[in-house]
Amino acid sequence: MRLYCLSNDLAKPCYVITFKGLRIMLDCGLTEQTVLNFLPLPFVQSVKLSNLPNWIPSREHDPQMDGELKECCNRVFVDSSPEFTPPMDKMMDFNEIDVILISNYLNMLALPYITENTGFKGKVYATEPTLQIGRFFLEELVEYIEVAPKASTANLWKDMLHLLPSPLCDAFRPKKWKTIFSLQDVHNSLAQVTIMGYDEKLDILGAFIATPVSSGYCLGSSNWVLSTAHEKICYVSGSSTLTTHPRPINQSALKHADVLIMTGLTQAPTVNPDTKLGELCMNVALTIRNNGSALIPCYPSGVVYDLFECLTQNLENAGLNNVPMFFISPVADSSLAYSNILAEWLSSAKQNKVYLPDDPFPHAFYLRNSKLKHYKHVFSDGFSKDFRQPCVVFCGHPSLRFGDAVHFIEMWGNNSNNSIIFTEPDFPYLQVLAPFQPLAMKAFYCPIDTSLNYQQANKLIKELKPSVLVIPDAYTKPHPTAPNLFIEQPDKKIITFKCGEIIRLPLKRKLDRVYITAEMAMKIVPRDVGNGFSVSTVTGLLQVKDKVHNIQPCCEKTSEQQTLGNGKVSPPTREEVLNNVKYEYGTLDVDMLMKRLVQDGITNIKMDRNGSALTLHLVNEDTTIKFDENETHIVCGGKQSLRMKLRDTLLKCLQSF
């Protein structure tokens, strides 16, 4: 078994494991940090962005590259449609992938790059919330970029990396970056996804039984258990032991794995999400009291549901319950409506509200009472009429390179009373703000990441007790800002890997399961061989299809086949010969052997015992029979007929079936 690492982003993993000719992809995360190298895409032309000066290298200047790079506050940006880093396609052709297992909606955004225009013929599996919320993310991403298209695409700069300043000069494989896929690609890709429920068992071509179990991270998030009759592999990605709105993590299903692959740990290991949530509420309240408005760049699902709830309660407690809140996203309506029909995927506290009956998420109540209003875009009908300040706005995209958030930065950026609060840890907030500098509005970084931190991961690993732990190499190194934060399991065998590496997993199948038909089972006659064991022979045709082994009955000869045309009987088939073979077993009775030898005319026999070894000397025949613990030797000096006679006599002293 081998593991291929196709992603350089620990938070957006993509792995492939190969086993017995089967290729299983675990997640297909999309690295979005590359968009930070590009200028934002405003809905309307920005005077500031359009007047940025061209960046020109001090040597080897190519006039054709003029206009591709712009400079802002000593930082260089690409003036082109943003590009993303899909999983590496050189290590393995995507058309060879048999199955894709997706753990959560954040780890499936590269799916259209894999399934479309690649010859992909495999199958994709995910839970229902993963599919539906993943659809919201993908549709929002495509619409944000298509609503503000760029006239041309810049590519020449990728051949001049050695001349560019940081961070462009350190860009990872920029020639492999890709522009966004089309909405049709999204729909075609998601049409190939098969929905699964928690604890549902899936037979993967006879090689594994795959089971998604709750990971506790977000709605529908899963850890995957790949099991056979003899092995167990667990893939833990994007998990949480905290109590939030999703169903809690199922730890028992992950215990005692032969191999545990763990990834997707928190991107903010030095902070507590509850503390940062409190800071966010405090900063919003202070902003409102200063007659300013707060912008919270967010994704269309996930933590934003908790933010609605906590922020509304805190503003009410602070006497600011009349402050309007706006949720702006092309999929805002679908996301809010869908979140309230997912009872089976929620925590027990949220589930209980459904049966009261009540809304599991309070934002349904806020919508009915107009405390929270949602729109597709800032230019949507009715928004300008309802919009009033001060207010709180939730909108995308967290990278601030496209989406309605770009508009609000342009509108509010020059007022120091306003604030922007970052909660998504995917993007370094100083790099996010770079093309908007100088910026007067206040910026706060309150990353809320509920996935496992290092202490929780170490504790979980000890409780799960895997035989082998497989983790990214970076997790075993001390964190840059906290030297005591890393995965440390001194009593475990740990295998590490890096992006682009292929590692061998210590899993070799020694046994395989074989199925027999009911007709074959009826013919089995077990023979008791002692110590509670019974054995029987099985003669049939072994058929292997989709890695499933089946023994079928042999075809019996018809009466026409048994007699040849000249009246002679046809020779026995191989199956008939095998059916007549006898298999001896048991302990040899030496006294019985000596009696049979005398009956066969061999009389002058001497016995010699040396510990557990026994030797019979047949004096007249100049032959020796030696008995060891598990074997018998006949030494008769080349007398083949005598040796065969002795062998037959010896076999008669054993039991057979």
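Buried here means under 20% relative accessible area, exposed means over 50%, and partly exposed is in between, with a 1.4 Å probe and protein chains only. Helices (H or I, at least four residues) and strands (E, at least two) are DSSP runs, numbered from the N terminus.

Before I go on, a word on the source. This is a predicted model, so local features need pLDDT of at least 70 and side-chain atom pairs count only at pLDDT 80 or more, while totals for chains, interfaces and linings use all residues. Residues are numbered from 1 along each chain as its sequence is written, and side-chain values use heavy atoms, with hydrogens and water left out.

Back to E2, which covers residues 15-19 and has 5 of its 5 residues buried. In a regular strand the side chains alternate between the two faces of the sheet. What does E2 pair with? Strands count as paired if DSSP finds at least two bridges between them. Strand E1 (residues 2-5) pairs with E2 in the antiparallel sense over 4 bridges, and Tyr4 has Val16 as its bridge partner in E2. On to E3: this strand is joined to E2 by 5 bridges, again antiparallel, and Thr18 stands opposite Arg23. The hairpin of E2 and E3 has 2 residues between the strands, and Lys20 takes a positive phi near 55 degrees there.

Follow the chain past E3 and you come to Thr31, in the loop between E3 (22-26) and helix H1 (47-50). Is Thr31 buried or exposed? Thr31 counts as buried, because its relative accessibility is 7%. With contact meaning heavy atoms within 4.5 Å, Thr31 touches Ser7, Asn8, Asp9, Phe84 and Thr85, leaving aside residues up to four places away in sequence.

Now the cores. A nonpolar core is a set of buried Ala, Val, Leu, Ile, Met, Phe, Trp, Tyr and Cys residues joined through side-chain atoms within 4.5 Å. The largest one has 104 residues, and Met25, Ile100, Val284, Phe394 and Phe408 touch the most other members. Which helix gives the most to this core? That is H3 (residues 128-146), with 9 residues. Apart from it lies another core of 31 residues, including Met1, Ile17, Leu22 and Val468. Take a look at Phe408 too: beyond four places in sequence, this residue touches Leu295, Ile328, Val378, Phe383, Phe387, Val393, Cys395 and Gly413.

Rings of Phe, Tyr and Trp (its six-membered ring) pair if their centres lie within 6.5 Å; planes under 30 degrees apart count as stacked, over 60 as edge-to-face, and the rest as tilted. By that rule there are 23 aromatic pairs. The rings of Phe84 and Phe402 have centres 6.5 Å apart and planes at 55 degrees, so this pair is tilted. That pair links distant parts of the chain, 318 residues apart, and both Phe84 and Phe402 are buried. Compare Tyr429 and Tyr445: their centres are 5.0 Å apart and their planes at 10 degrees, so the pair is stacked. Here the link runs from helix H12 (residues 429-433) to strand E21 (residues 442-445), 16 residues apart. Tyr429 counts as partly exposed at 25% relative accessibility, and Tyr445 is partly exposed at 29%. Ring pairs also link Phe326, Tyr375, Phe383, Phe387, Phe408 and Trp412 into a cluster.

Some backbone details to finish. Most residues other than glycine have a negative phi, and most peptide bonds are trans. Where are the cis bonds that I picked out? One joins Gln389 and Pro390, with omega about 0 degrees; another runs from Gln437 to Pro438, with omega near -5 degrees. As for positive phi, His256 has about 60 degrees and Leu400 is near 60 degrees. His256 counts as exposed because its relative accessibility is 54%, whereas Leu400, at 0%, counts as buried.

Last item: how many disulfides turn up, taking a disulfide as a pair of cysteine sulfur atoms within 2.5 Å? A search of the whole structure finds 0. For Cys28, the nearest cysteine sulfur is that of Cys14, 6.2 Å away. Thanks, everyone!

Terms used. Disulfide = S-S within 2.5 Å.
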